[in-house]
Amino acid sequence: MLEISLKIALVMISIALIMNTFSLVRGPSLPERILSLDTLYINSIGLILIYGIVQASSINFEAALLIAMLGFVSTAALCKYLLRGDIIE
Amino acid sequence: MSFVRSWLPRPFLSLVLLIVWLLMNNAFSLGQILLGLILAMGIPLLTEPLQTQQMAVKRPLKLIKYIMVLMWDIVVANLAVAKLILGPTKALQPGFIAYPLNLTGDLPITLLASTISLTPGTLSAEVSKDKEWLYIHALDLPNEQALIDEIKQRYETPLKEIFQC
Amino acid sequence: MNFAIELILSLLLLLGGSLILIGSLGLIRLPDVYTRLHAPTKATTLGMGAILIASMLFTLFDQGSLSVQQLLITLFLFISAPLTGHLLAKTAMHQRLKQIDKTKNADLIEVARDRKAPNHSSD
């Protein structure tokens, strides 16, 4: 039962990633693109975690932690750039 | 005592840093604890000039209760938003409101704004310069006054009690 | 692993997967930038929370050790989600993006962009 639900969850997240890529390309404005990128990386963390369960290993969690931190910092930096035209004031 | 103060300016921050370091490494060996202790002492010393005076939590027990209520609300809120997304989007009535703040101090206002962003269909967008108004965008806004009253009695009053401000 | 744990894990995984899917669907379906901000900051965060709890339970029962790294990821996501939403809302107001016409109190955008207090004569 666990294997089936793991597969279903993987398919769901893959569809979510495809939809995020679609809205990333569609836009139409820059903040919406940043929002899609933000959702894209959060969903990819989910993908990595489920893959960790499939493999029964915890070696991927560090990658997930890194994506979470760097993703947030890059989103904040992009927003700051659009707000002020500069990242570090 | 002044020796301890100058080498350990923020004991609580040091403790949190040590715990987070050990959690991140997922190992409790002597070497990791030593390295964690060095980091827990070094980082507060290096960042001391960047710190600003923050309000202290006066009622820790109420804070725990607040977090419990908040976690329950997050679950309910998310299911409500999921229902709104799946339903007909044409029927949505989005809107902005200006919320009059009773709180003072940066930390309580930040906590309130984050709480509002995490709970039912509302997103805090901006705070006015005099820190008296919070601008909120709501996904579905049938009644403005009801929303303001709900935020006031569910989140702002407990926060006011926690920080006594 | 016994049946009950597998059932709980499956339910958590399916809940998380469908919430993530709904969040991404909202990003496409909702009409304007301000409403779109709601979908990922809420639905996706709870979906990630469910998947992370499932992952933690799995490591607990499969390998017998409580891995706390996932707890850190959850905590970090829950702290960063409102900040991202707030920053993006600010950016959207700053860029003067169009809201849909039926938005209530749309004049508040102008006031909020300059961080002024709203004037009471209008409402």
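Begin with chain B by selecting strand S1 (residues 95-100), which pairs with S3(B) in the antiparallel sense over six bridges; strands here are DSSP runs of E with at least two residues, helices are runs of H or I with at least four, both numbered from the N terminus, and two strands pair if DSSP finds at least two bridges between them. This is a predicted model, in which local features need pLDDT of at least 70 and side-chain atom pairs count only at pLDDT 80 or more, while totals for chains, interfaces and linings use all residues. Residues are numbered from 1 along each chain as its sequence is written, and chains are lettered from A and ligands numbered from 1 in the order in which they are written.

Within this pairing, centre on Ile136(B) in S3(B), which stands opposite Ile97(B) and is also the bridge partner of Ser124(B).

S2(B) and S3(B) form a hairpin with five residues between them, and Lys131(B) in the turn has a positive phi of about 60°.

Now show the side chains of S3(B): Trp133(B), Tyr135(B) and His137(B) point one way, Leu134(B), Ile136(B) and Ala138(B) the other way, and all are buried (20 or more other C-beta atoms, placed from the backbone, within 10 Å of the residue's own).

Finally, turn to chains A and C, where the contact takes 44 residues from chain A and 45 residues from chain C, counting residues whose C-beta atoms, placed from the backbone, lie within 7 Å. On the side of chain A that touches chain C, the largest share, 16 residues, comes from H2(A).

Methods. Contact = placed C-beta atoms within 7 Å. Buried ≥ 20, exposed ≤ 12 C-beta atoms within 10 Å, placed from the backbone.
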